[in-house]
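Entries follow in the order I made them.

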Amino acid sequence: MMRTKADGNIISLFYKPLCVLLVLSGLFSLIWLRSSIVSMTYSLRDLEEKTMEARKDMKILLAERSSLMSVSKVTASLNEPSRQALVSAAGPIENGYVTPDRTRVVMVQKNRTAEPQKASLRMGDKR
Amino acid sequence: MEYKAESGGQKLRPDTGLNRKRAVILNTTIIFAFIAIFFRLTDLMIFNHKLLSGKARMQQGKTEDIHVMRGNIYDRRGREFAVNMELESLYCDARDVELGKEQVQKLSSALGMEARAVQAKFQPEKRFTWVNRKLPAEKVQKVRDVLGMDRKVKDPDARGFGFVTESKRFYPKGELASHIIGNVGMDNQPLEGVELLYDKYLKTSGGKVYFSRDASGKVLSSGVEMEARGNDIQLTIDEGLQYIAEKELAKAMAKWRPVAATAIIMDPFTGEILALANRPSYDLNNLGRANRDDVRNRPITDIYEPGSTFKIVVGAAALEEGVFNLNNTFDCSRGTIEVGGKVIHDAHRHGLLTFKEVIQKSSNVGSIMIGMKLGKENVYKYAKLFGYGEKTGIDLPGEVSGWIKKPEKWSATSIGAIPIGQEVAVTPLQVLRAYSVIANGGFLVKPHVVSEIKTHEGQPVYSFKEPEKKRILSEKTATIFKDILKTVVEEGGTATGAAVDGNAVAGKTGTAQLVDRRTKRYSKDRFISSFVGFVPADNPKLAMIVVVYEPKGAIYGGVVAAPVFKNIANQTLSYLNVPRDDVREKNLLLVAK
């Protein structure tokens with residue numbers, strides 16, 4: 001079958017705009033990709049700044065927490081009159097520092113085999 | 001002939017020479033324009049390339065330092081002793097600063113500084129000057145308000161000023177364990193304590209990160225972690241025990257008004273320092289208020305004559321060498337002994353004393369008799385074996401070795417002085433280590449304060465390796481001597497004030513005279529009182545020394561230092577949940593399979 005001039009014209013009619021369209025869309029997708037990367041980098045930077053700020057606050061709060069939890073601060077807090085009654089119930093207080101009653105320490109020997117440990121007060125012991 | 005279409009009509013007009021001329025001019029102009037562009041581009045891209053690319057880099061890029069932070073320091077239970085905070089520091093470029101007097105006044109009050117001091121920072125020849133560093137958040141906000149830094153349109157007052165984030169060391173426990181932790185300077189350079197000795201682990205290097213920025217100056221992400229942190233250190237110190245020791249020392253300071261006081265608690269089997277307390281002390285967050293005396297770490301940097309606590313050297317040596325046994329007796333009825341023309345007294349006349357009683361009653365006369373029979377070579381040998389005259393090797397800076405004279409340098413009176421702890425210089429830590437030998441059955445331990453170093457992610461970097469145990473006394477001698485030291489705290493001993501309710505204590509008092517610098521003789525009113533011991537005596541959980549420097553009102557170790565030992569030991573045993581010795585007989589059962 002012979003190709004006529006009219007057939008060639010029809011192909012070129014679609015082919016050329018398609019090529020132009022492809023080139024343009026390629027160009028636009030490149031620009032879109034590039035701009036997305038840039039905007040993502042901006043977002044990342046914003047997040048990084050927020051992270052740094054949050055970290056900064058976290059460090060200050062952690063430092064404050066460990067300062068408040070120091071034994072000296074806790075002891076000072078226990079010495080407040082409003083807390084004395086509460087603390088007395090927990091155990092003996094020596095200068096505001098709560099210490100366990102050493103007569104009530106239970107010693108348990110280590111079992112060589114992996115079995116539950118047993119401990120009990122002697123029968124008839126009245127405490 | 002060529003024809004061209006005329007506008008608006010079908011007629012063609014002939015192509016004249018004028019049109020051709022126009023075409024030539026146009027072509028020439030275009031060619032010249034291109035040549036001009038070519039030359040300009042050559043100039044920009046080749047001849048001025050370096051200069052312009054440098055300018056572009058400056059405009060499009062920004063370099064920032066990675067935030068470098070020291071590692072944290074924790075106690076043995078993971079409680080923070082040293083952490084980091086990030087605070088803002090105010091700097092200025094004095095050439096751009098345009099502040100009036102009133103504004104300087106406002107700025108200085110916001111900073112909490114004198115106006116003169118702030119004004120002095122603005123030296124026109126300096127491009128960068130710190131105005132004030134590591135400011136708390138509330139001060140930063142005040143400064144921002146004064147300078148109008150937060151306004152949308154920047155206030156001209158803010159010109160030349162800026163903030164930089166810096167890492168600041170913070171010590172949450174303040175004064176507690178200050179002599180162990182040490183401190184750092186304004187630029188985080190180590191100055192004292194663990195901070196100084198373990199600096200190579202705590203610090204880290206940061207480096208710089210290059211950021212791109214847009215035309216408005218907004219910085220783009222580099223994707224790099226902007227924080228680098230050194231390794232974390234875990235100490236052998238226990239915050240609770242440290243607090244107990246410091247609290248009791250503070251009470252002793254109030255009661256006896258001494259120049260200073262020291263207490264060390266150590267595990268006698270491992271050499272782990274559980275607490276090391278000093279008075280006077282200082283707040284690590286407020287170094288400006290500390291004076292030279294406050295920062296002295298007396299347990300390792302100050303030497304003193306140990307007095308009677310040294311008597312274990314001659315006592316243990318005599319038993320170990322078989323020179324004496326427990327059945328031997330010593331006539332101390334005169335209460336004095338003359339050595340090399342010098343008369344040495346006992347505190348009281350004792351009469352006939354057994355070997356055990358010589359130690360129990362801390363008889364100088366009896367101890368000298370033992371020393372004389374033992375001989376100076378043996379006394380020296382055992383003093384060295386117990387670790388006197390050399391550093392203990394504790395991992396804290398500034399330790400001194402103390403000294404003991406070699407036998408060939410002893411004078412005629414030395415054999416009457418050294419057995420009772422004179423003519424010898426020791427540190428409290430050396431004495432404690434010597435008593436740990438008795439507590440642990442004859443081994444010399446290495447005291448240390450750092451147990452482990454880990455990366456921030458928890459990877460181990462260093463852990464303390466116990467050196468091979470060095471036996472210096474037989475177990476038999478150590479056990480016998482332990483029983484002797486128990487009698488010191490019992491009725492008839494010199495340290496009944498150290499007895500702990502529920503557990504037997506073994507220990508020894510020491511009352512050492514200080515030398516008067518003016519007369520070069522022993523002072524009659526300046527003493528160092530000490531008590532060193534361990535508890536529970538038969539199964540020691542802790543060894544402890546308490547040294548009180550120049551107490552007022554009383555001088556004897558049994559009166560001044562022993563009660564401090566008792567108070568600390570009582571609370572420490574409770575804290576560590578150590579059962580009473582009589583727990584088995586009283587009410588509790590040991591239940592095993």
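**Entry 1: Arg257(B).** Arg257(B) has 11 C-beta neighbours inside 10 Å, so it counts as exposed. My cut-offs, with C-beta atoms placed from the backbone: buried means 20 or more other C-beta atoms within 10 Å of the residue's own, exposed means 12 or fewer, and partly exposed is in between. The model is predicted: local features need pLDDT of at least 70, side-chain atom pairs count only at pLDDT 80 or more, and totals for chains, interfaces and linings use all residues. Residues are numbered from 1 along each chain as its sequence is written, while chains are lettered from A and ligands numbered from 1 in the order in which they are written.

I then checked the backbone. Arg257(B) is not a glycine, yet its phi is positive, about 45°. Most residues other than glycine have a negative phi. Where does Arg257(B) lie? I found Arg257(B) in the loop between H9 and strand E12 (260-266) of chain B. Helices (H or I, at least four residues) and strands (E, at least two) are DSSP runs here, numbered from the N terminus.

**Entry 2: helix H9(B).** I stepped back to the helix that Arg257(B) follows. H9 of chain B covers residues 239-256, 18 residues in total. From first C-alpha to last I read 25 Å, close to the 26 Å expected at 1.5 Å a residue. The expected span is 1.5 Å times one less than the number of residues. Is H9(B) largely enclosed or open? Of its 18 residues, 13 are buried, so H9(B) is largely enclosed by the rest of the structure.

**Entry 3: Asn188(B).** I looked at another positive phi. Asn188(B) shows about 60° and is not a glycine. Its place is the loop between helix H6 (178-181) and helix H7 (193-197) of chain B. Asn188(B) counts as partly exposed because it has 18 C-beta neighbours inside 10 Å.

**Entry 4: cis peptides.** Most peptide bonds are trans. I noted two cis bonds in chain B. From Arg279(B) to Pro280(B) the bond is cis, with omega near 5°. Pro280(B) sits in the loop between strand E13 (273-279) and helix H10 (298-301). From Val535(B) to Pro536(B) the bond is also cis, with omega near -15°. The loop between strands E25 (522-535) and E26 (542-549) holds Pro536(B).

**Entry 5: H11(B) against H14(B).** I fitted axes next, as lines through C-alpha atoms over the stretch in contact, with angles from 0 to 180 degrees between N-to-C directions. H11 (residues 311-321) and H14 (residues 376-385) of chain B pack at about 110°, their axes 9 Å apart. That makes H11(B) roughly perpendicular to H14(B), a label that spans 65 to 115 degrees. Contact means C-beta atoms, placed from the backbone, within 7 Å. Among the H11(B) residues that meet H14(B) are Val313(B), Val314(B) and Glu321(B). On the H14(B) side I listed residues including Asn378(B) and Tyr382(B).

**Entry 6: distances in chain B.** An automatic or database assignment sets the domain bounds. Chain B gets domain 1 (3-47), domain 2 (64-235) and domain 3 (239-584). I read 107 Å between the C-alpha centres of domains 1 and 3 of chain B. I also took Ile31(B), in helix H1 (residues 17-47). The C-alpha atoms of Ile31(B) and Trp410(B) are separated by 108 Å.

Conventions:
Parallel < 35°, antiparallel > 145°, perpendicular 65-115°, else oblique. Contact = placed C-beta atoms within 7 Å.
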